Amino acid sequence: MIKSQPKSRLSQVLHWIGISTSSWYYQQIPPEQQRKRGPLGKPIDTELLEAVKSVAEMFPMWGYKRITIVCRRQEIQVGKKTVYRIFKLLGLLQKPRPRAAELYQAAKLFELLPRRPNDLWQTDVTYIHIPGHGWWYAVTVIDYYSRYLLACHLTTSYSASELSWPPDQLETDLVFLLGDDQAALPRASSSII
């Protein structure tokens with residue numbers, strides 16, 4: 001087709017065939033010749049490279065940001081970007097551990113869960129309406145493991161002095177709610193709330 005029409009342009013022929021001209025003229029660059037776009041970075045001083053390398057060898061588990069701080073404390077004038085470039089050049093960068101956020105949070109939550117009664121108590125303040133008496137605040141202490149109500153205190157005010165009560169009052173409330181034999185709970189050194 002090109003020989004039959006000697007004056008036809010290559011771009012028209014490529015259009016008829018269905019090939020873009022950029023694909024026709026594209027020449028793949030070998031990987032060893034490829035470089036990142038933009039200006040070339042400054043060459044790294046060999047003395048600086050050796051100084052950062054020696055500090056990195058002293059603290060092999062630390063990342064480039066901590067190594068930058070240690071270098072600055074040792075009077076080595078270097079920025080974190082330069083230390084990052086040196087780490088990348090020497091192959092010292094550590095890949096961050098992939099971790100699912102849900103698993104990490106679930107593991108931390110499991111550490112906080114109580115394993116027996118009186119391991120963890122939970123307090124709550126709730127605003128409730130008592131017919132004939134109006135609105136009151138109910139301050140409760142609940143055993144998180146057994147879900148038993150350990151103490152309840154009703155007050156009309158939300159002030160700190162009204163919401164906190166001394167440990168002997170708490171023990172009186174516990175004896176009333178649980179009985180004498182079950183009220184032997186750990187004593188608090190200060191007020192509950």
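Which residue just after α4 takes a positive phi? In this predicted model, the residue is E75, which follows α4 directly and has a phi of about 65°. The value is positive in a residue other than glycine, and E75 is placed in the loop between α4 and α5. With a relative accessibility of 65%, E75 counts as exposed.

The chain contains eight helices and three strands, and its elements, read from the N terminus, follow the order α-α-α-α-α-α-β-β-β-α-α. Of the 193 residues in the chain, 18% are buried. Among contacts with a separation of 6 or more, 37% are accounted for by residues 24 or more positions apart. The chain exposes about 15800 Å², of which carbon and sulfur atoms supply 55%.

The average pLDDT is 79, and 76% of the residues score at least 70. Helix α4 has the highest confidence, at a mean of 94, whereas the lowest is found in helix α8 (residues 167-178), at a mean of 58. Over residues 183-193 the pLDDT stays under 50, and for this stretch the model has 25 contacts beyond four places in sequence. Where pLDDT is low, predicted coordinates should not be read in detail.

Helix α4 (residues 64-73) has four residues that are buried, namely I67, T68, V70 and C71. These residues lie on the same side of α4, because the arc that they cover around the axis is only 165°. The other side of the helix carries K65, R66 and R73, which are exposed. The cover over the buried residues of α4 includes α3 (46-58) and α5 (80-90).

A corresponding description can be given for helix α5. Here V83, I86 and F87 are buried, and, since they fall within an arc of 100° when seen down the axis, they line one face of the helix. K81, K88 and L89 are exposed on the face of α5 that is turned away from its buried side. The buried residues of α5 are covered by elements that include α3 and α4; α5, in turn, is among the elements that cover the buried residues of α4. After α5 comes G91, whose phi is positive and near 75°.

Another positive phi in a residue that is not a glycine is found at R147, with a value of about 65°. R147 is situated in the loop between β2 and β3 (149-155), and its relative accessibility of 55% places it in the exposed class. In strand β2 (residues 134-143), one of the residues is T140, which counts as buried at 14% relative accessibility. When neighbours within four places in sequence are left aside, the contacts of T140 are with Q122, T123, D124, L149, A151 and C152.

Side chains of opposite charge can pair when their charged atoms come close. A search of the whole structure for such pairs finds one salt bridge, in which the side chains of D119 and R116 meet at 3.7 Å, N to O. D119 has a relative accessible area of 35% and is therefore partly exposed.

Conventions: Residues numbered from 1 in each chain as written. Predicted model: local features only at pLDDT ≥ 70, side-chain atom pairs only at ≥ 80, totals over all residues. Heavy atoms only, no water. Buried < 20%, exposed > 50% of the residue type's maximum accessible area, 1.4 Å probe, protein only. Helix = DSSP H or I, 4+ residues; strand = E, 2+ residues; numbered from the N terminus. Arc of directions from axis to C-beta. Contact = heavy atoms within 4.5 Å. pLDDT = per-residue confidence, 0-100. Salt bridge = Lys/Arg side-chain N within 4 Å of Asp/Glu carboxyl O. Areas by Shrake-Rupley, 256 points an atom, 1.4 Å probe, with all protein chains shown as cover.
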